[in-house]
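Please consult the sequence and coordinates alongside the text.

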Amino acid sequence: MSFWEKGYLATAGAVALAASAYAYIIWQRSVELAAVVAPDAASFVTYVAVIVVLSALAFIIIASRDATKTGADDALVDGYDERDRMIGDMANSQSHHVTSVGVYIALLAFIVHGSGNVLFYSVLGALALGEISMCLLRVFHYNRAY
Amino acid sequence: MAFQEKMAWAMVGILTVTGALYYAWVFWATTQLGHLPPPILPFLVVYVVLIIVAAALMAAGFAITNPSEANAPLDERERLIQFKSAAQSGRVFGFLIVVGLIDFAVFQNGNRFFHIAFAALIISQILEYGLTVLFYRRGT
């Protein structure tokens, strides 16, 4: 498995973990209030920061672990070639469709329910799903021969 | 000019005109009401139907004038162009959606967030087709 595959798998895990934790916290607060709790800037910023830090850490740890292996290639990380770019564009374009469908569903839900908080959480969920699908699609395309 | 490029030009025009009309209505309604109007489902349905009908008419027109070109499958270069333009417009879409999320976290206005998210969808679509035209012109 290449460096980029491992990195994107770890990023997908980080987003899934952070999104699940965020959803659990919101669900707990909403149960206490008996209504969908309004998003606050602090928890939102923490959620984004956790994803960024976990993804960066995953890439750093994978790179340092691979580099210390016996016979490691000198150009372990810098090899982002034409195929990597094509796979990146394919995964990004397909995940864009996932996010768009999620946002459309969220907008429809808002028209029906009229709750801005539900719209916020469903759009955030669509973004998280789009990000996870982008990472997994990259891994999928890496494992196909192009 | 390739069929895909002609369609991309047509979609840029259709989405720009319908998007401008929709947001002209939103601004007009805002000035009348004194606040942003909530989304109105029949209005949105008309908007979507208008885009579908206009796009179908354009595609039919281009296909009638050059049927062999319209039925030809996408080649390697055309596929790359589609992936590239969708990937780049996806980044802009993600950025605009995050702007909308922050705006909602600050102002707590659901209608405003709806209109921002809807605008993000329209802008990213226009950008996707615009970039498709650009990449066809550049020969990428």
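## Helix α3 of chain A

What span should the 32 residues of helix α3 of chain A have at 1.5 Å a residue, and how far apart are its end C-alpha atoms? The helix covers residues 82-113 and should span 46 Å; its end C-alpha atoms are 46 Å apart, which agrees. The expected span is 1.5 Å times one less than the number of residues. Helices (H or I, at least four residues) and strands (E, at least two) are DSSP runs, numbered from the N terminus.

At the start of α3(A), a side-chain oxygen of A:D81 comes within 3.2 Å of the backbone nitrogen of A:R83. After α3(A) comes A:G114, which has a positive phi, near 75°.

## Basis of the model

This is a predicted model, in which local features need pLDDT of at least 70 and side-chain atom pairs count only at pLDDT 80 or more, while totals for chains, interfaces and linings use all residues. Residues are numbered from 1 along each chain as its sequence is written, chains are lettered from A and ligands numbered from 1 in the order in which they are written, and side-chain values use heavy atoms, with hydrogens and water left out.

## Overall form of chain B

Chain B contains five helices and zero strands, in the sequence order α-α-α-α-α. Its C-alpha atoms fill a box of roughly 55 × 30 × 20 Å along the principal axes.

Of the 140 residues of chain B, 41% are buried (under 20% relative accessible area, with exposed over 50% and partly exposed in between; 1.4 Å probe, protein chains only). Among contacts (heavy atoms within 4.5 Å) in chain B between residues at least 6 apart in sequence, 79% join residues at least 24 apart.

## The largest pocket

The largest pocket has a volume of about 670 Å³. Of its 27 lining residues, A:L127, A:G130, A:E131, B:G94 and B:V98 are the closest to its centre. A pocket is an open set of points on a 1 Å grid over the protein atoms alone, where a 1.4 Å probe fits, with protein on both sides within 12 Å along at least five of seven lines; lining residues have an atom within 4 Å of a point. The volume is the space filled by probe spheres set on the points, which are joined across faces, edges and corners.

At least two lining residues each come from α1 (3-33), α2 (41-68), α3 and α4 (116-142) of chain A and from α4 (76-107) of chain B. The helix α4(B) gives the most, with eight residues. The lining comprises 15 nonpolar, nine polar and three charged residues (Ala, Val, Leu, Ile, Met, Phe, Trp, Tyr, Cys and Pro count as nonpolar, Asp, Glu, Lys and Arg as charged, and the others, Gly among them, as polar).

## The second largest pocket

The volume of the second largest pocket is about 360 Å³. Its lining has 19 residues, with A:Y104, B:L44, B:Y47, B:V48 and B:F118 nearest the centre. Two or more lining residues are given by each of α3 of chain A and α1 (3-33), α2 (41-65) and α5 (110-138) of chain B.

The largest share, seven residues, belongs to α2(B). By class, this lining holds 18 nonpolar residues, one polar and no charged.

Most residues other than glycine have a negative phi. A:A34 has a positive phi, near 60°, and lies in the loop between α1 and α2 of chain A. A:A34 is exposed, at 71% relative accessible area.

B:Q108 also has a positive phi, near 55°, and sits in the loop between α4 and α5 of chain B. B:Q108 counts as partly exposed, at 35% relative accessibility.

Notes: A polar contact is a pair of N or O atoms within 3.5 Å; within protein, one must be able to donate a hydrogen and the other to accept it, and residues adjacent in sequence count only if both atoms are side-chain atoms.
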